[in-house]
Amino acid sequence: MSLSLGPLALPVSALLVLLSAYVFYSVLMRTAARRFASHPEYVRQAGRVGILILAVTFVTARASFVAHYWNDYQRDLWQMINVRDGGFDATWGILAGLFVGGLMIIRYRRLSLSLAVSALVSLSIFYGGQAALEASYRDSGIPSVNVMTPDGDVINLVSFRGQPLVVNYWASWCPPCRREMPVLSNAQAHRNDVQIVFVNQGENAQTVTQYLHAEGLTLNNLLFDRQQQAAKTTGSAGLPTTLFFDARGKLIKQHMGELSAASLNHYLSLITSE
């Protein structure tokens, strides 16, 4: 679900988006360069059009998500530009990109073939990758991993099956974990239709207790995974990582990185919709 590139860990879903955008621009420029080898101004024009389409797609996808979860964002306006929460509406973004692409084809007919080919290739990669990710979720369930309670009792994560479940892998030394913790803690206190489980990775109870006390946080379902087996089992290369399971224990979504109130509510809607 995520890839480790040296000290950097990236979610596969984000890499898929970046790859699709790169392929779109790359194919557009290559086809334009071949068709207009004797007209470099047309190639530069294709580059400007490609950047415009990508920018419109990105901004529209973000704006659509923000509009949908405006009640969450208006309480903390800066979060609207904090795209690390992964809040994008891909459907509206792609539709906006296609619309602008259509306008550009009407205006610059000579670029029509290059734009059509680049859009077809990049969309095939994006939707094909999305389908592959969804297929990988079908066989993924709550990891059967033993973890410890603060009192030292051993419990298996599978025991939480039966209700929509959120499993958060975190550590007190992790800055984005610390930033998202109040959001998760607040959701745990106010949502009785989901279980939220905090699985600390690699730390001892004393360290975690001191951190929670200093931050004034109270967490239910606080568990400890000293050997980090849970994260390894689910292919989670970075922290924080949050997994969302439906009531049957099926993995619906996995998010690596900081969660905002809006992105958390989006994922919760997916596992509680049934």
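Tutor: Start with a pair of residues: Tyr169 stands opposite Val199, which is in β6. Keep in mind that this is a predicted model.

Student: How do β5 and β6 pair, and over how many bridges?
Tutor: β5, residues 165-170, and β6, residues 195-201, run in the parallel sense, with 6 bridges between them.

Student: How many residues of β5 are buried?
Tutor: 6 of its 6 residues, so the strand is mostly covered by the under 20% cut-off for relative accessible area.

Student: And which residues are on which side of β5?
Tutor: Leu165, Val167 and Tyr169 are on one side, and Val166, Asn168 and Trp170 are on the other. Both faces are covered. As background, side chains in a regular strand alternate between the two faces of the sheet.

Student: New topic. Where does Asp85 lie?
Tutor: Asp85 is in the loop that links α3 (70-73) and α4 (90-107).

Student: Is Asp85 buried or exposed?
Tutor: Asp85 counts as buried because its relative accessible area is 1%, and the cut-off is under 20%.

Student: What does its side chain reach?
Tutor: The side chain of Asp85 comes to 2.9 Å from the backbone nitrogen of Gly87. If you set aside neighbours within four places in sequence, Asp85 also contacts Arg62, Tyr73, His255, Glu258, Ser260 and Ser263.

Student: What about Arg107, buried or exposed?
Tutor: Arg107 lies in helix α4. It counts as exposed because its relative accessibility is 62%, and the cut-off is over 50%.

Student: Which side chain does Arg107 join in a polar contact?
Tutor: That of Tyr108, at 3.2 Å.

Student: And how are Arg107 and Asn221 placed?
Tutor: They are 114 residues apart along the chain, and their C-alpha atoms are separated by 58 Å.

Student: Pockets next. What is the volume of the second largest pocket?
Tutor: About 360 Å³.

Student: Which residues lie nearest its centre?
Tutor: Of the 20 residues that line the second largest pocket, Asp72, Arg75, Val183, Asn186 and Ala261 lie nearest its centre.

Student: Where does the largest share of that lining come from?
Tutor: From α6, which gives 6 residues. α3, α6 (175-190) and α9 (261-272) each supply at least two residues of the lining.

Student: How many of the lining residues are nonpolar, polar and charged?
Tutor: For the second largest pocket, 8 are nonpolar, 5 polar and 7 charged.

Terms used: Residues numbered from 1 in each chain as written. Predicted model: local features only at pLDDT ≥ 70, side-chain atom pairs only at ≥ 80, totals over all residues. Heavy atoms only, no water. Helix = DSSP H or I, 4+ residues; strand = E, 2+ residues; numbered from the N terminus. Buried < 20%, exposed > 50% of the residue type's maximum accessible area, 1.4 Å probe, protein only. Polar contact = N/O pair within 3.5 Å; in protein donor to acceptor, adjacent residues only side chain to side chain. Contact = heavy atoms within 4.5 Å. 1 Å grid on protein atoms, 1.4 Å probe; cavity = no way out; pocket = protein on both sides within 12 Å on 5 of 7 lines; lining within 4 Å. Points joined across faces, edges and corners; volume = space filled by probe spheres on them. Nonpolar A, V, L, I, M, F, W, Y, C, P; charged D, E, K, R; others polar. Pairing = 2+ DSSP bridges.
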